[in-house]
Amino acid sequence: MTRSSLLLYLSVVLFIVLLLSFAPSRPNRPHRRLKLRSATSGRDHRSIPFDPVIADIERRREDREWERAHFFPQGHAPAMEAQPEWEDFMDAEDYINDEERFNVTERIVKLFPKIDVGPADGFVSSDELTEWNLRQVEKEVMHRTQRDMELHDRNHDGFISFEEYEPPSWAHRYHDDNSTGDQVGWWKEDHFNASDMDGDGLLNLTEFNDFLHPADTNSPKLIQWLSKEEIRERDKDKDGKLNFQEFFNGLFDLIRRDDIYNLTHESDASTEAPAKKLFSQLDHNNDGYLSEDELIPVIGDLHPSEHYYAKQQADYVISEADTDKDGGLNLKEMIENPYVFYSAIFTEEDDYNYHDEFR
């Protein structure tokens, strides 16, 4: 055997060994039927579709439901011949459950290098998976914003005026039933103005997205508005600020921070002790009250952004698939646990209910 033939043979052997080392072990795991999130109930959960193919299918389904709801509200949509929903499948769920056409292991192998980018070292960290999740959900959120903008932009100029935006029906019901005259704040004109970063009286796509999803904004003006709204809703004596009891009874339990959670769930800890400690930290001028500016440091905890949920999902997935417990995932761990990544959509009664983790 010549030297070149020997090198070629060794290369082929090495390639086969590598393939076998990354091949998923197949324990007695039943095939789980993947089920798409519905356009209504599925969107109430914070689950983020891991796979862009799944996300695309769900967006198209949701778009159809949205068109029926807004353009054919009485159900008088024109009759259409049945068309394949995805490729040549009449039902997209049949497509994602056909292992020849949509194989979850092959999908993970394809997506791995797109996730492992910071740096590309063959190891997916929590930060990398969080960033991947965040990109998927941001695309989904912006798609809905564009759709809503199309609905409200009546003069089709690419902007939304306050007059063009019609408050949701639940806001009208709340106002009609509210004998005190207070109004739900998020759709009011001061919210609109806080979202109008350039102050031109109109919202472009980015500003309209902030208007609909203020928890994800980086705008100081909108963050200030969120703080003002938190005080307005809980300021019982109407003095424009929060005393300790108003903070403790109406706000403290909503703050999502690990240090607060740990303190409030210790069996021997006083319920008020951690609240008083945080109140004191926020009360910079020590006057016994929290102003709008003093409440801003916890606005992100009161209104978790999509990044919060993206990281929560990433940490859950890593905890389930990280078999060597090194804090991240290699390709072998990912393809040996493929359904962990699709657990936001599969349904199986005797399995862990992923949605409960994120309610």
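A residue is called buried when its relative accessible area is under 20%, and exposed when that area is over 50%; partly exposed lies in between. The model you are looking at is predicted.

Select Glu93 to begin. With a relative accessibility of 10%, Glu93 counts as buried because the cut-off is 20%. Glu93 and Arg61 form a salt bridge, and their closest N and O atoms are 3.9 Å apart. Glu93 belongs to helix 3 and Arg61 to helix 2, so this pair ties together parts 32 residues apart in sequence.

Next, select Asp94 and Arg33. Their side chains meet in a salt bridge with an N to O distance of 3.2 Å. Asp94 sits in helix 3 (residues 92–96), while Arg33 is in the loop between helix 1 (3–22) and helix 2 (52–71), so the link spans 61 residues of sequence. Asp94 is partly exposed at 37%, and Arg33 is partly exposed at 40%.

Then move to Glu62 and Arg144, where a salt bridge has an N to O distance of 3.3 Å. Glu62 lies in helix 2 and Arg144 in helix 5 (residues 126–152), so the pair ties together parts that are 82 residues apart in sequence.

To finish, show every salt bridge: the whole structure has 17.

Notes
Residues are numbered from 1 along each chain as its sequence is written. This is a predicted model: local features need pLDDT of at least 70, side-chain atom pairs count only at pLDDT 80 or more; totals for chains, interfaces and linings use all residues. Side-chain values use heavy atoms; hydrogens and water are left out. A salt bridge is a side-chain nitrogen of Lys or Arg within 4 Å of a carboxyl oxygen of Asp or Glu. Helices (H or I, at least four residues) and strands (E, at least two) are DSSP runs, numbered from the N terminus. Buried means under 20% relative accessible area, exposed over 50%, partly exposed in between (1.4 Å probe, protein chains only).
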